[in-house]
Amino acid sequence: MARRTLVFAALLLALALALVASLALGAVKVPAREVIDILLGNGHGGPDQQIIESLRLPRTVEAMIVGAALGIAGAILQGALANPLASPDVIGVTGGAGFGAILIIILFPGSIALLPVGALFFGLLAATLVFAFAWSGRNRGSTGKVILAGIAMLSLFTAGTTGLLAAYPERAPSAIFFIAGGLTSSGWQELETIWPYFAAGFLLAACLIRPLDRLALGDDVAASLGSRPQLIRLAAGIAAALLAAASAAIAGLLGFLGLVVPHVVRMAGGTSSHTFVVPASAIGGAALLAAGDTLARTLRAPIEMPVGPFMVILGVPLFLWLLRKAV
Amino acid sequence: MAHGEGLSRGRGSLWRTHGPMGVAEGPPEGPPAPAQLLEAHGIEVEIGGTPILRGADLGLKAGELTAVVGPNGAGKSTLVRAVSGLQKMATGSARWQGREVSEMRGRELAGLRAFVPQRMPVPAGVTVREAVTIGRSARLRPLRRLAAADHEGIARAMERARVARFAERTLTTLSGGELQRVQIAIGLAQEAPVLIADEPTSQLDLGATIGVASLLRDLVGEGLAVLLVVHDLALAAAIADTVVVVSEGRTVATGAAAEVLSAERLATVWGADARLSAREGRTALHVAWLREQPLGRPNS
């Protein structure tokens, strides 16, 4: 228990540091003390406060929400499907969202404001198709059927995306930022549209923590305790689809985060209890994405790079170090 | 505790039987008949188009241990899963205290019976106390935290299942026997009047089997009703008040072990030349291991 408390404290510290760094660093550097004063409502006005409040704060909040959402999506999917390789990829969301976004970028470049809606719509559509196939016929809702239907849907939508890029190669460069994954400094506008999907996903995920712990003891024990295993899996899939599709709408394709963060917190905390793993994945994901985004926009400022590769650079060494210790 | 202590303490069929079992001492006269908790009739189950149960019956009384026995593939586990609400029935009726199992919600069923599977998955890093706490969650409303009474219930379940002394160990470090008792503790944390255990001793060594058997018998002594699927006929005869024999999807006999596990039935149901004996608190199955199967039973 002490180990888990320690990991939680470390994650919260990392989140606080990432928050301050994300607000302080960029093309214009703002001293950390001033950042904290502004956050506490003791700012003195001026350009620094304006940069932080109108540009960096929305972006940092987006990074933290998306990071938390992807961390939770991975944690609940891995728990519900009892599969360490589960992530939003395996329920088709990533493939669908990628197709939806590229469709807008390639075919409707004049309506780029529709990109988040396209990503969200096709992400949820792909997940719906996965659930529809997985919950039909024999062995309805079995883990194997969900994963296989998800991989089939991922392949289908990825083929669609590749086809679009091949058909319009001159427009492909504008799609790279979305595919690699990255945040923008566009204020609160995107969050204002997408937040209900995050809210529904977070709420459903919170309600699933206890049922997922029951499911970890097997379908029979879960059923003995009054739960319906297939319903838990379906609800976990819906929550993960909402969170991952909403994340893709804001930050592009960041599949790595949803796969790796739950493993890292599980190995660091030494437990697979969802009471620990789900909230710790949320904090860890938020800290990792906020830190990765800060690196992505400061290393070659004022040029911004996609956050996806930086997150991988930050996360993989830690993951491999923990993996070596665990095995 | 010493192995075998529970067997000699309980009031299983050894102490209620006559004739070939060799012991003729009955329970004291006078106590009222135990209440009927479960009445199941004509249960039929199909899995993937294959009929598994073809009209099985099962009953369970309060404060009694009923053992379900039968050959491999007879439908024992399917029968207890069906009456537990874990397996959908094609036809038939399973009533818990008068209420049909298919009409009850999961939470309501969880208050009536706890189901202990043969072997549960063992999640990494989860301690015994945490696992039993998960069992207690059956009594909690969603998002509601544990109250003092729940912590007491968890401690009580661990004490009753004799797992309290290793409550802080993780499940992955436990032996097979310890893990089986933890599974029973998870069921006890539900505080349901019935515990249903599906072959809890099938993967255990002799000592661990005796430990689980004596635990189940002691729980019955505390007033719990236990429904037990078991392969070991000598064990069933030692600890069960009632033995139900299932064969080819049907219930073929119900009663005291001495009555239903006769040499003739062992021959017709299991295809074995064998007889069961009980003497001085011990039961044994005497089998002619290398003799031709008398009735040529196909599935050995």
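Trainee: How many helices and strands are there in chain B?

Mentor: Chain B has 10 helices and 12 strands. Helices (H or I, at least four residues) and strands (E, at least two) are DSSP runs, numbered from the N terminus. This is a predicted model: local features need pLDDT of at least 70, side-chain atom pairs count only at pLDDT 80 or more, and totals for chains, interfaces and linings use all residues. Residues are numbered from 1 along each chain as its sequence is written, while chains are lettered from A and ligands numbered from 1 in the order in which they are written.

Trainee: What span should helix 1 of chain A have?

Mentor: The expected span of a helix is 1.5 Å times one less than its number of residues. Helix 1 of chain A (residues 2-24) has 23 residues, so it should span 33 Å. Its end C-alpha atoms are 33 Å apart, which agrees. After this helix comes Gly26(A), with a positive phi near 155 degrees.

Trainee: Which residues of helix 1 of chain A are buried?

Mentor: An α-helix has 3.6 residues a turn, so residues three or four places apart point the same way. A residue is buried if 20 or more other C-beta atoms lie within 10 Å of its own, exposed if 12 or fewer, and partly exposed in between; C-beta atoms are placed from the backbone. The buried ones in helix 1 of chain A include Val7(A), Leu11(A), Leu15(A) and Ala18(A). The buried residues of this helix pack against helix 2 (32-39), helix 3 (46-80), helix 11 (255-269) and helix 12 (274-298) of chain A.

Trainee: Is Ala21(A) exposed or partly exposed?

Mentor: Ala21(A), in helix 1 of chain A, is partly exposed, because 19 other C-beta atoms lie within 10 Å. Two residues are in contact if their C-beta atoms, placed from the backbone, lie within 7 Å. Leaving out residues up to four places away in sequence, Ala21(A) touches Ala291(A) and Thr294(A). Ala21(A) and Ala290(A) are 269 residues apart in sequence, yet 8.6 Å apart in space, C-alpha to C-alpha.

Trainee: At what angle do helix 1 and helix 2 of chain A pack?

Mentor: Two packed helices are described by the angle between their axes and the distance between the axes. Axes are lines fitted to C-alpha atoms, for helices over the stretch in contact, and angles run from 0 to 180 degrees between N-to-C directions. Here the angle is about 100 degrees, with the axes 9 Å apart. Angles under 35 degrees count as roughly parallel, over 145 as roughly antiparallel, 65 to 115 as roughly perpendicular and the rest as oblique. Helix 1 and helix 2 of chain A are therefore roughly perpendicular. Val20(A), Leu23(A) and Ala24(A) in helix 1 meet Ala32(A), Val35(A) and Ile36(A) in helix 2.

Trainee: What is the order of the strands in the open sheet of chain B?

Mentor: Strands of a sheet pair through backbone hydrogen bonds, either parallel or antiparallel. Two strands pair if DSSP finds at least two bridges between them. The open sheet has 4 strands in the order 2-1-4-5, with antiparallel pairing. Strand 2 (50-61) and strand 5 (99-100) of chain B stand at the edges, each with a single partner strand, so one side of each has no neighbour in the sheet. Strand 4 (residues 91-96) and strand 5 of chain B are joined by 2 bridges. Trp96(B) has Arg99(B) as its bridge partner.

Trainee: Which residue takes a positive phi in the hairpin of strand 11 and strand 12 of chain B?

Mentor: Glu280(B) does, near 50 degrees. The hairpin has 2 residues between the strands. Strand 11 (residues 274-279) and strand 12 (residues 282-287) of chain B run antiparallel, joined by 6 bridges.
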